[in-house]
Amino acid sequence: MSDQETLIKNLGQTWPMPSKTNPVIIIGTGGIVKDAHLPAYKKAGFNVLGMFDIDKEKADLLAKEYEIDKVFSTFEEAFENKDCIFDLALPPANLLEVVEKLPEDIYAIFQKPLGRSLEEGNKIRKICHQKNIKACMNFQLRFSPIALPVYEAIQKNLLGELVELEVHVNVHTPWELWPFLKTLDRVEVPLHSIHYIDWIRSVLGNPKSLYCQSVKHPKVKDLADCRTSAIFNYGEHIRCCMTINHTHSFGRKNQDAYIRLEGTKGAAKMTLGLLLDYPNGEPEELEIITENTDWIKLDIKGKWFPDAFIGVMSNMQRFKNGEDDKLITSIDDSIDTMAVVDSCGLSSQSGGLKIDYAD
Ligand SMILES: NC(=O)c1ccc[n+]([C@@H]2O[C@H](COP(=O)([O-])OP(=O)(O)OC[C@H]3O[C@@H](n4cnc5c(N)ncnc54)[C@H](O)[C@@H]3O)[C@@H](O)[C@H]2O)c1
């Protein structure tokens, strides 16, 4: 095996763990906490001290399943121990009102999106600054075992100048599992593709402008939209786009979910196995090719769900301990993801450039 092959095979897949862990308190104990937060924290050995949900029965059931001692009866009680890390997993419509009630000087992780709009996101960010709340968002794709090696490959200049980034998703997503989506004006980008936009920003920086269209599907009548095409303008040397269809109900055969990144010296292809054959999922895959190698398939240990959630929490824990100098998905960085999401909605609404057809 050449040195470069060895280097690629050994690219890091996990975020470093904290030297000491602070207890965690979870606010909102719905689907994502059950499916990802709690399995991740159990796997990593993070101590969940207690949980709170306005639906106490739900919190009680989950606490029993994960042997968590404390289910708080009131919001105020949950925040008595300010030294914990507070992990908020609430529907977007409830986030602002909850952040308004948060105590000062705490560490908090918020679920995406940061409110229902950029306006709400800006309000949430402002409150966090005023109250000295050190907050980040759960953009866990950045910490997934297939994404971390890609950043390292870029840092080590294995891919050269980046010129091409495409997110391609053609799957069946059971939107009916999330009833709160029905109330939203925009769904696909703020709730799903927001992850890709955040990831794209983490690799290429902020786009200068964008073109976007999100559309409905006749079989998904209750949602404002469920499919998206978008192009992000990074100037004349980079092509960056997303094509996202959640309504491919024709079996596994032609489903696809990948991110392809190409540079002048190499390329990477990440397969988002979680999205394939839902809810079973398939393994996450990462292949990298460079000038000096053929395509190399890395031996990926772990998945976007739940493993990547360990990374977000590790970064927050280490930041609180003074071991990481910054929160990778800090609220100040994430607000730019919200800005791109907001522009996607506006672009879609604008209807694009009118075409001057012959009479
Ligand atoms: N990062 C990801 O990949 C990912 C995946 C799925 C969902 N999410 C996000 O997580 C959030 C929650 O999604 P979900 O699927 O768990 O939703 P859910 O509806 O299953 O759960 C939300 C929970 O919040 C509780 N809640 C509402 N208001 C509350 C309040 N004021 N105080 C305490 N609890 C309150 C509800 O009772 C419910 O149990 C959403 O913002 C969603 O976008 C993120």
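This is a predicted model: local features need pLDDT of at least 70, side-chain atom pairs count only at pLDDT 80 or more; totals for chains, interfaces and linings use all residues.
**View A. F305 pairs with W304 and with F309.** A search of the whole structure turns up 10 aromatic pairs. In one of them, the ring centres of W304 and F305 lie 5.9 Å apart with the planes at 85 degrees, so this pair is edge-to-face. The rings of F305 and F309 also form an edge-to-face pair, because their planes stand at 80 degrees, with 5.0 Å between the centres. Follow the chain from F305 to P306 and you meet a cis peptide bond, with omega about 0 degrees. P306 itself belongs to the loop between β14 (296–297) and α9.

View B. How accessible is S314? Its relative accessibility is 0%, so S314 counts as buried. Leaving aside residues up to four places away in sequence, S314 touches W15, P16, M17, P18 and F46.

**View C. Domain 1 meets domain 2.** The protein is divided into domain 1 (24–138) and domain 2 (142–309), with 26 Å between their centres, taken over C-alpha atoms. Domain 1 brings 14 residues to the contact and domain 2 brings 10 residues. About 1,000 Å² is buried between the two domains, and carbon and sulfur atoms give 75% of that area. How many salt bridges does the rule find across the interface of domain 1 and domain 2? It finds one. In a close-up of D307 and K43, these residues form a salt bridge whose closest N and O atoms are 2.6 Å apart.

**View D. An aromatic cluster includes F75, and a lysine sits over its ring.** F52, F75, F79 and F86 come together as one aromatic cluster. The charged end of K101 sits over the ring of F75, 4.4 Å from the ring centre.

**View E. Helix α5 and what covers its buried residues.** Which residues of helix α5 (residues 92–101) are buried? They are P92, L95, L96, V98 and V99. The elements covering them include α4 (75–78), β4 (85–88), β5 (107–110) and α6 (118–130). Past the helix, D105 lies in the loop between α5 and β5. This residue has a positive phi of about 60 degrees although it is not a glycine, and at 41% relative accessibility D105 counts as partly exposed.

**View F. Two loops with backbone features to look out for.** P113 has its place in the loop between β5 and α6. The peptide bond leading from K112 to P113 is cis, with omega near -10 degrees. The other loop, between β12 (266–271) and β13 (285–290), holds D277. Phi of D277 is near 50 degrees, a positive value in a residue other than glycine. D277 counts as partly exposed, at 29% relative accessibility.

Conventions. Residues are numbered from 1 along each chain as its sequence is written. Side-chain values use heavy atoms; hydrogens and water are left out. Rings of Phe, Tyr and Trp (its six-membered ring) pair if their centres lie within 6.5 Å; planes under 30 degrees apart count as stacked, over 60 as edge-to-face and the rest as tilted. A charge sits over a ring if NZ of Lys or CZ of Arg is within 6 Å of the ring centre and within 35 degrees of the ring normal. Buried means under 20% relative accessible area, exposed over 50%, partly exposed in between (1.4 Å probe, protein chains only). Contact means heavy atoms within 4.5 Å. Domain bounds come from an automatic or database domain assignment. Buried area is the accessible area (1.4 Å probe) that two parts lose on being put together, summed over both. A salt bridge is a side-chain nitrogen of Lys or Arg within 4 Å of a carboxyl oxygen of Asp or Glu. Helices (H or I, at least four residues) and strands (E, at least two) are DSSP runs, numbered from the N terminus.
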